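Please read the briefing below alongside the sequence and the structure. It moves from the chain as a whole to a few selected places.

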Amino acid sequence: MNKTPGKHHDRTQKLNDLRTAMVQHGLDAWIIPSADAHSSEYVARHWEGRAWISGFTGSAGTIVITRDKAALWTDGRYFIQAAEQLADSAITLMKDGQPGVPSMADWLAEAVPESGCVGFDGVTMSLAGIRTLQGKLADQAITLEGRHDLLDDIWHNRPPLPAAPVFLHPTTYAGKSLGGKLAEVRAMLEQHKATELLITTLDDIAWLFNLRGSDIECNPVFLAYALITRDTATLFVNQQRIEPDALAALNEAGVELAGYDEIADRLAALSDDTRLMLNPLTANYRLASVIPTSVTLIEDRLPTTDLKAIKNSTEIARMQDCHRRDGAAMVRFMRWLENNIPSGALDEVNIDLQLLAFRRESEQFRGVSFPSIVGYAGHGAICHYRADEVSAYTIDSKGLLLVDSGGQYLDGTTDITRTFACGELTYEEKRDYTLVLKSHIALTCARFKEGTRGIQLDAITRQPLWREGIDFNHGTGHGVGYFLNVHEGPQSISSRWFDVTLKPGMLITNEPGIYRDDKHGVRLENIMLVAEDVANEFGKFLKLIPLTLAPFDTRPLLVELLSDVEIHWLNEYHQTVRRELSELLEGEDLQWLERATREIQ
């Protein structure tokens with residue numbers, strides 16, 4: 001990672017400028033999270049304030065600046081990256097959730113004087129988050145102020161809000177019409193006894209209105225809000241951005257259009273008898289603060305979030321097509337990689353570019369689904385590493401290379417991780433690789449009863465690693481959107497409790513790993529479809545079907561550590577990969593696929 005005196009001075013100046021603005025506004029601390037006005041995981045450059053002021057570029061983290069201190073909280077995916085990017089700065093890294101590390105609220109309670117004031121940009125923090133913070137700081141009579149954005153005062157040449165075109169995602173891809181989706185949403189509103197629904201999350205809006213955009217890198221969404229009643233639907237977005245066929249579809253469905261910034265006035269004007277449904281975990285504090293106190297709030301997960309998570313038959317069929325094409329691109333990439341590593345000319349950057357070139361051969365391709373993680377040797381241990389021309393390692397004919405990548409296509413979203421042997425491997429590298437594959441297979445082969453939560457499957461996945469006293473510091477699996485965000489809720493497989501059951505039609509990733517600092521990283525990932533299995537006197541059981549189609553590298557395997565069941569699964573999976581992809585490949589690519597998927601004994 002880059003650490004230069006010039007950058008250190010620049011970061012110090014930004015902190016000093018912010019502190020000057022804090023004094024002018026009577027603030028004792030300022031909070032900058034990673035979010036935008038829509039609680040997005042990835043944000044447009046306009047909202048990358050935390051990265052701008054701290055130098056830490058991970059997608060998750062919150063920095064707090066007081067008049068004499070600064071601290072940044074992030075999770076286990078980014079501990080290594082944050083330590084490198086914050087080195088030699090005045091910002092203290094807080095490894096969130098680790099023993100002895102205070103929470104942001106506890107740290108603020110100690111760092112801010114009694115009756116002090118903590119500021120934040122109200123659009124970047126959720127209603128639920130501010131309520132929690134208020135509760136933690138109440139004993140010290142610390143107040144919170146979210147009406148102003150100090151970054152506007154000090155961030156010269158701040159990128160403007162994006163305004164890329166908004167285009168139609170037709171029902172031939174979406175599988176359901178806008179009218180049909182609105183009917184489903186309104187039925188759920190009736191169940192909750194709500195009269196209106198506020199939608200602030202961008203992927204929910206894109207899904208509901210069958211629209212897509214490109215306001216956020218890698219995420220085909222656009223900045224907007226929506227208000228749905230039992231007989232109207234209003235989309236708050238700059239109408240000039242909407243392409244003609246998309247505009248015609250909205251008009252045909254009776255959708256009212258209003259300006260993006262008009263949402264606050266509309267909420268402030270809600271009548272006293274309104275029963276407004278919103279999600280306090282995602283609705284931003286500033287919008288929530290303008291809602292009249294006479295309005296009844298119904299706080300729950302949005303109906304669109306649950307409906308979007310269960311893919312319809314068209315989406316599932318299209319995703320299968322999408323994964324075949326993506327798998328064929330991966331095979332061409334794998335053969336290219338294997339042939340070119342011995343040249344000594346490959347590095348983490350040109351590997352990424354070549355993989356992108358193979359994906360671009362599909363006419364449905366619309367970009368990557370997240371910045372590719374190409375980590376060789378020790379860089380593979382950085383869960384969300386992103387190579388650049390300065391940091392990139394050259395690939396030697398030894399060790400492990402981790403490649404986590406994905407594509408956005410008109411008919412789906414992909415997310416795949418494979419770890420490759422670049423040549424000679426140590427026993428530890430081979431053992432770690434084999435253990436991760438065992439964990440991957442453990443989840444893939446799981447059969448579970450209807451009503452199972454992700455935390456239950458997480459323990460099954462980790463068992464092969466736990467037996468060896470090994471663990472990984474991230475979730476096992478996340479939901480995946482359909483030509484939408486690569487990380488999609490509400491489903492999850494992790495050691496954290498989420499009261500969300502896995503249901504047929506949901507997509508979930510399977511991505512266990514082992515990471516050894518400064519040595520290597522191993523992760524193996526497929527997207528899987530939750531599907532019905534059997535129903536009997538004991539209940540309904542579900543299973544997981546891999547959608548991702550690409551060989552696992554068998555060269556690092558210690559076959560003696562695999563059970564007969566695991567070997568059988570791997571051979572069966574490779575047989576499926578070979579059958580599904582053969583028609584899309586020819587010549588040396590097809591020959592390579594046949595070798596890469598041959599049975600192991």
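This is a predicted model: local features need pLDDT of at least 70, side-chain atom pairs count only at pLDDT 80 or more; totals for chains, interfaces and linings use all residues.

Residues are numbered from 1 along each chain as its sequence is written, and side-chain values use heavy atoms, with hydrogens and water left out. The protein chain contains 19 helices and 28 strands, where helices (H or I, at least four residues) and strands (E, at least two) are DSSP runs numbered from the N terminus.

**Overall form and surface**

- The radius of gyration of the protein chain is 25 Å, which agrees with the value near 25 Å for a compact globule of 601 residues; the radius is taken over C-alpha atoms, and the globule rule is 2.2 Å times the number of residues to the power 0.38.
- The C-alpha trace of the protein chain spans about 70 × 60 × 50 Å along its principal axes.
- Of the 601 residues in the protein chain, 58% are buried, a class that means under 20% relative accessible area, with exposed meaning over 50% and partly exposed in between (1.4 Å probe, protein chains only).
- Contacts (heavy atoms within 4.5 Å) between residues at least 6 apart in sequence join residues at least 24 apart in 70% of cases.
- The accessible surface of the protein chain comes to about 24500 Å², and carbon and sulfur atoms account for 48% of that surface; the areas come from the Shrake-Rupley method with a 1.4 Å probe, and for residues only the protein chains shown count as cover.

- H574 belongs to helix α18 (residues 564–581) and is buried, with a relative accessible area of 1%.
- Leaving aside residues up to four places away in sequence, H574 touches P551, F552, T554, A596 and T597.
- A596 is also one of the buried residues of helix α19 (residues 587–596), together with D589, W592 and L593.
- Seen down the axis of α19, these buried residues fall within an arc of 100 degrees, so they line one face of the helix; the arc is that of the directions from the helix axis to the C-beta atoms.
- The cover over the buried residues of α19 includes α14 (313–340) and α18.

- V559 lies in the loop between β28 (539–546) and α18, and is partly exposed at a relative accessible area of 26%.
- V559 and I600 are 41 residues apart in sequence, and their C-alpha atoms are 8.2 Å apart in space.
- V559 touches I567 and Q601, when residues up to four places away in sequence are not counted.

**Backbone geometry**

- Most residues other than glycine have a negative phi, and most peptide bonds are trans.
- S115, although not a glycine, has a positive phi of about 65 degrees; it is found in the loop between α4 (104–111) and β5 (117–120) and counts as exposed at 53% relative accessibility.
- A141, also not a glycine, has a positive phi of about 55 degrees; it lies in the loop between α5 (127–137) and β6 (143–145) and is partly exposed, with a relative accessible area of 38%.
- The peptide bond from G489 to P490 is cis, with omega near 5 degrees, and P490 is placed in strand β23 (residues 488–493).
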